[in-house]
Structures are given as structure tokens and as C-alpha cells.
Amino acid sequence: MFSQWTQFLDRIEPHLTESKIGFIRLDGSTRNRQEVVECFQSKEGPPIFLSSLKAGGTGLNLTEADHVFIMDPWWNPAAEEQAIDRAHRLGRKKTTFVYRLIARGTVEERVRQLQGEKREAFRRIIGRI
């Protein structure tokens with residue numbers, strides 16, 4: 001699960017704990033990044049990996065993840081794509097499912113629309129080069 005806001009991750013944690021669902025977390029305050037990743041990747045590791053987009057969007061290999069949840073969209077669609085790519089790596093044999101939580105009529109819906117506009121503008125500009 002990726003969120004741009006660590007406060008959102010803070011709100012998710014109690015629900016996982018209450019439901020007795022194991023998790024591990026990586027954000028800007030994490031000192032032992034590799035240890036956290038190795039714990040998640042291990043067979044005995046927790047099923048949920050919580051991460052901020054900025055801390056977890058680059059330099060991680062999360063090939064044990066079958067599902068990626070983008071809890072809230074970021075203005076830069078590349079940041080989300082990088083987070084998704086942590087699980088969907090070259091050579092991966094299993095399918096990776098990606099979910100984006102967006103409700104109608106919300107700021108998140110508008111951000112998602114803006115992402116599409118940015119992608120289209122990028123495609124048009126790069127297409128002319």
C-alpha cells in the first residue's frame with residue numbers, strides 16, 4: 001500500500017492491527033530500508049507493506065507483492081508508476097494487480113484527471129521530437 005501522506009498510513013495501521021493483519025512500514029523515518037524489504041520479501045514476512053510514495057517509489061524490489069494499492073493519487077503520475085514498478089519487475093511470472101482508491105466528486109478524482117492530461121501532454125510533446 002502506497003500513500004503520498006504518512007498520516008494516511010498512520011490511519012491505516014490501527015485497522016490492520018485490530019484485524020490482526022501483519023504489516024511492515026517504510027517511510028522517510030525508516031533507518032533500515034533493506035531490512036524492512038527483506039522482512040517483507042521473506043516467506044515468514046507480513047502480508048502488507050505500507051510505504052510512502054517518496055520513500056518506497058525507488059530503489060526497492062518487492063517482487064513478492066501480488067497487489068499494489070495506491071491509496072491516494074499524486075500530481076506526478078510517474079511517482080505512482082515507479083511505486084507500481086517495485087512489484088511489477090522484469091522477469092516476474094505472476095500477475096500484479098494494481099488498485100487506485102478514488103471516490104467520485106473528490107479532489108483525488110480531479111488529481112487523477114490531471115494525471116491523464118499530463119500524460120497526454122507528454123505524449124504530444126515527445127511525439128513531435
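The model described here is a predicted one, and the pairings are read from its coordinates.

Strand E3 also pairs with strand E1 (residues 2–3), to which it is joined by two bridges, and these two strands likewise run parallel. Here Phe2 is the residue that stands opposite Ser51 in E3.

## How far E3 is covered

Strand E3 spans residues 48–52 and is mostly covered, with five of its five residues buried. The covering applies to both faces of the strand: Ile48, Leu50 and Ser52 are buried on one side, while Phe49 and Ser51 are buried on the other.

## The nonpolar cores

The largest nonpolar core holds 17 residues, and among these Phe2, Phe49 and Leu62 touch the most other members. The elements that contribute two or more residues to this core are E2, H2, helix H3 (53–56), E4 and helix H4 (77–85), and H2 gives the most, with three residues.

Leu62 can be followed in more detail: leaving aside residues up to four places away in sequence, Leu62 touches Phe2, Val37, Phe40, Gln41, Phe49, Arg86 and Ala87.

## An aromatic pair between E4 and E5

The model contains two aromatic pairs. One of them is formed by Phe69 and Tyr99, whose rings are stacked, at 4.7 Å centre to centre and with 15° between the planes. Phe69 lies in strand E4 (residues 67–70) and Tyr99 in strand E5 (residues 97–100), so this pair ties together parts of the chain that are 30 residues apart in sequence.

Are the two residues of this pair buried, partly exposed or exposed? Phe69 has a relative accessible area of 26% and is therefore partly exposed, and Tyr99, with a relative accessible area of 33%, is partly exposed as well. Buried would require a value under 20%, and exposed a value over 50%.

Notes
Residues are numbered from 1 along each chain as its sequence is written. This is a predicted model: local features need pLDDT of at least 70, side-chain atom pairs count only at pLDDT 80 or more; totals for chains, interfaces and linings use all residues. Side-chain values use heavy atoms; hydrogens and water are left out. Buried means under 20% relative accessible area, exposed over 50%, partly exposed in between (1.4 Å probe, protein chains only). Helices (H or I, at least four residues) and strands (E, at least two) are DSSP runs, numbered from the N terminus. Two strands pair if DSSP finds at least two bridges between them. Rings of Phe, Tyr and Trp (its six-membered ring) pair if their centres lie within 6.5 Å; planes under 30 degrees apart count as stacked, over 60 as edge-to-face and the rest as tilted. A nonpolar core is a set of buried Ala, Val, Leu, Ile, Met, Phe, Trp, Tyr and Cys residues joined through side-chain atoms within 4.5 Å. Contact means heavy atoms within 4.5 Å.
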